[in-house]
Amino acid sequence: MLVLGIETSCDETAVSVVENGKRILSNEVLSSLHLHKKYGGVVPEIATRHHVELINYVLRAALGKAKVKLSGIDLIAAVHGPGLVGALLIGLSLAKVLSLALNAPLVGINHLQAHLYAALMLKRRPQFPFVGLVVSGGHTNLFYVRDYLIWETLGRTRDDAAGEAFDKVAKILNLGYPGGPVIEKMAKCGRPDKIRFPRSCLEENSLDFSFSGLKTAVLYYVRDSFGRRASKKSIRNTKIADVAASFQEAAVDTLAEKAIKACLLKGVKNFVAGGGVVANRRLREVLRRRLNRRGIDTYFPKFGLCQDNAAMVAGLGYQQYLRGIVSNLNLEAQPNLTIVPKRKRKKEI
Ligand code: KG4
Ligand code: ZN
């Protein structure tokens with residue numbers, strides 16, 4: 001079965017063709033990141049315009065690379081939340097038009113579930129149930145995943161997402177946007193134990209996250225160490241790499257400790273992570289080491305499937321369709337879509 005995946009929840013315009021939930025025939029992504037850089041974050045209006053202007057081009061490229069005609073597509077899968085409402089509507093409108101014109105079924109996909117599915121597209125794949133961690137620019141969530149349809153939210157961030165913290169710390173350090181890749185690069189030259197930034201645990205049994213305190217601690221440290229009026233140059237010339245490494249270590253430590261807690265609570269032997277921040281090698285290394293030590297296997301997506309893409313969407317669409325989950329043309333864009341456990345078969349959502 002050939003599935004066309006569409007992803008426009010944030011700043012990536014992405015279309016992909018995937019066969020039987022696993023074999024990626026094409027995976028086209030055009031990011032509007034360069035247009036947001038000068039604002040230090042994604043501007044919804046700009047992201048939406050980018051989708052409008054380029055989605056047809058990306059669609060043609062995805063079909064061309066897969067060597068598939070539109071008429072050969074069996075199923076359409078599109079992200080309908082969470083995300084920026086204007087951006088979501090562009091992908092969703094295209095999906096509905098194609099579904100109608102091709103008489104192909106439509107499946108609405110949750111962006112967070114798709115991020116974890118990226119790790120299930122590997123040859124070596126986890127067994128259900130598992131604990132899943134989604135860490136991106138907009139989300140930091142822990143899930144208990146019983147199967148493709150039954151998900152339980154165990155914890156989420158109460159303020160900033162982990163990726164957002166990387167982006168904001170990079171801004172404080174004048175390193176540009178997005179922050180994750182540049183912080184990781186700087187951290188390689190710094191000492192992670194140089195500054196002890198706080199690890200927020202919240203209440204004793206909580207699996208929620210909080211990253212705003214960490215971000216503020218970095219801000220105060222930079223102000224105290226380099227002065228309120230520190231120029232870009234003077235900051236760069238000092239121990240900026242130590243700040244980056246120490247911040248990264250605190251963020252990674254927090255994510256890893258909550259992941260362990262969730263796995264022990266649920267008694268699972270498999271752990272899966274997904275989302276842009278999982279491109280971070282230090283995060284992978286710490287998660288792998290600490291979880292493996294406790295007999296828990298770890299699964300991460302290929303690096304190219306960590307950030308927003310449509311292959312993960314098409315792949316998950318196939319699995320949901322097999323289990324009787326299809327949508328109709330009333331499917332809505334839901335900016336705050338949450339995960340509700342489903343056990344509906346042959347029923348429209
Ligand atoms: O999943 P994603 O592409 O988009 C959202 O759904 O938000 O994630 C983007 C986020 C950004 O905050 C970016 O700074 C972060 O992922 N990121 C990283 C790395 N690469 C991207 N964070 C830490 N280390 C990285 N290597
Ligand atoms: Zn994402």
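The model is predicted. Ligand 1 sits in the largest pocket. Domain 1 (2-116 + 305-348) and domain 2 (128-300) both contribute residues to the shell around ligand 1, so the ligand lies between them.

**The shell around ligand 1**

- There are 20 residues around ligand 1.
- Those that come nearest are Gly-137, Asp-167, Glu-184, Gly-276 and Gln-307.
- By residue type, the shell has 12 polar, five nonpolar and three charged residues.

- Three helices each supply at least two residues of the shell: helix 4 (111-117), helix 5 (162-172) and helix 6 (179-187).
- Helix 6 gives the most, with four residues.

**Polar atoms close to the ligand**

Here a polar contact is a pair of N or O atoms within 3.5 Å.

- Gly-180 takes part through its backbone: one of its N or O atoms there lies 3.0 Å from an oxygen atom of ligand 1.
- Asn-280 uses its side chain, where a polar atom lies 3.1 Å from a nitrogen atom of ligand 1.
- Asp-308 also uses its side chain, with an N or O atom 3.2 Å from an oxygen atom of ligand 1.
- Ligand 1 taken alone exposes 560 Å², and the protein buries 91% of that area.

**Backbone features**

Most residues other than glycine have a negative phi, and most peptide bonds are trans. The following places depart from that pattern.

- The peptide bond from Phe-128 to Pro-129 is cis, with omega near -5°.
- Pro-129 belongs to the loop between helix 4 and strand 6 (130-135).
- Another cis peptide bond joins Tyr-177 and Pro-178, and its omega is about -5°.
- Pro-178 is in the loop that runs between helix 5 and helix 6, and both of these helices supply residues to the shell around ligand 1.
- Asn-103 is not a glycine, yet its phi is positive, at about 55°.
- The loop between helix 3 (85-102) and strand 5 (106-110) holds Asn-103.

Conventions: Residues are numbered from 1 along each chain as its sequence is written. Chains are lettered from A and ligands numbered from 1 in the order in which they are written. This is a predicted model: local features need pLDDT of at least 70, side-chain atom pairs count only at pLDDT 80 or more; totals for chains, interfaces and linings use all residues. Side-chain values use heavy atoms; hydrogens and water are left out. A residue is near a molecule or strand if one of its heavy atoms lies within 4 Å of it. A polar contact is a pair of N or O atoms within 3.5 Å; within protein, one must be able to donate a hydrogen and the other to accept it, and residues adjacent in sequence count only if both atoms are side-chain atoms. Accessible areas come from the Shrake-Rupley method with a 1.4 Å probe; for residues, only the protein chains shown count as cover. On a 1 Å grid over the protein atoms alone, a cavity is a set of points where a 1.4 Å probe fits but cannot get out, and a pocket is an open set with protein on both sides within 12 Å along at least five of seven lines; lining residues have an atom within 4 Å of a point. A molecule sits in a cavity or pocket if more than half of its atoms lie within 2 Å of its grid points. Ala, Val, Leu, Ile, Met, Phe, Trp, Tyr, Cys and Pro count as nonpolar, Asp, Glu, Lys and Arg as charged, and the others, Gly among them, as polar. Domain bounds come from an automatic or database domain assignment.
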